[in-house]
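Work through the two exercises below with the sequence and the model side by side, and try each task before reading its solution.

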Amino acid sequence: MTGISDTVCLVNKCKEMEEDLKIKSFLEVWSDLHYGYAKTLLMLFCISHIIIVVHPKACFDLSYVYLFRALDTMRSKALPWFRELLSGIDISNDWIQNGRPCSPRVLFVFESCPLFHTYDNNANAVIEGGIRSKPKKQSPLKKLEHSLEDQIYRILRKSRVITNVSGNSLFAVPANQEFVFIFSSKPYITDFVGFFLTQIRAHCQMAKELDLTENKQETKNN
């Protein structure tokens with residue numbers, strides 16, 4: 001699901017909000033947008049086994065902490081209603097009591113790597129006699145992933161988003177397993193400033209050519 005935390009989705013939503021803003025205030029429209037987004041996320045956290053949170057940069061967005069806490073509060077308040085709905089279905093008692101089949105595991109994926117080079121996880125492996133030995137030390141990419149894991153875990157624990165009892169929490173992170181992944185492939189756009197300047201020049205050139213074409217047509221008509 002792509003939500004309002006995604007830049008492209010947010011821009012599209014802002015365009016759709018133009019008509020609503022003529023009737024309602026900005027705060028009303030923005031609250032409705034957040035409410036619909038939160039309801040969809042709450043459903044995902046109640047039916048999913050694994051949820052993947054994707055970030056465009058290798059930096060954890062702290063706004064997710066407030067969102068997770070709000071969703072946890074919503075789930076706690078809606079739990080009696082979930083139990084009532086599930087009581088008439090032939091499912092296990094644990095499912096009914098928890099209002100969901102399990103506490104979902106959340107994985108965090110970061111789409112860009114701040115490291116300048118692409119590192120292979122097996123780059124430090126040594127081949128001896130045709131047998132690949134284990135890496136003697138971790139690659140910089142793996143160290144970065146583990147560092148992000150520690151940061152995210154501490155943030156979620158201190159904010160009480162995750163607790164020792166995973167069933168009572170909104171979600172859990174895999175115990176003693178990696179839950180942060182960073183794309184190590186080289187991005188298609190390496191120079192964002194140059195890329196956007198090229199796009200602006202191309203747009204201006206197209207507009208100029210369009211104006212020339214329209215002027216020629218007007219001259220012929222006259």
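This is a predicted model: local features need pLDDT of at least 70, side-chain atom pairs count only at pLDDT 80 or more; totals for chains, interfaces and linings use all residues.

Residues are numbered from 1 along each chain as its sequence is written, and side-chain values use heavy atoms, with hydrogens and water left out.

**Exercise 1.** Find the salt bridges that involve K142, and state which residues they join into one network.

Solution. A salt bridge requires a side-chain nitrogen of Lys or Arg within 4 Å of a carboxyl oxygen of Asp or Glu. K142 meets this with E145, their closest N and O atoms being 3.2 Å apart, and both residues lie in helix 5 (residues 140-158). Next, E178 forms a salt bridge with K142 at 3.5 Å between the closest N and O atoms; this pair links distant parts of the chain, 36 residues apart.

**Exercise 2.** Describe the aromatic pair of F45 and F68, and then follow F68 to F171.

Solution. Rings of Phe, Tyr and Trp (its six-membered ring) pair if their centres lie within 6.5 Å, and planes under 30 degrees apart count as stacked, over 60 as edge-to-face and the rest as tilted. F45 and F68 are edge-to-face, with 6.1 Å centre to centre and 80 degrees between the planes. F68 and F171 are also edge-to-face, at 4.9 Å and 70 degrees. Finally, F45, Y64, F68 and F171 form one aromatic cluster.

Conventions:
Helices (H or I, at least four residues) and strands (E, at least two) are DSSP runs, numbered from the N terminus.
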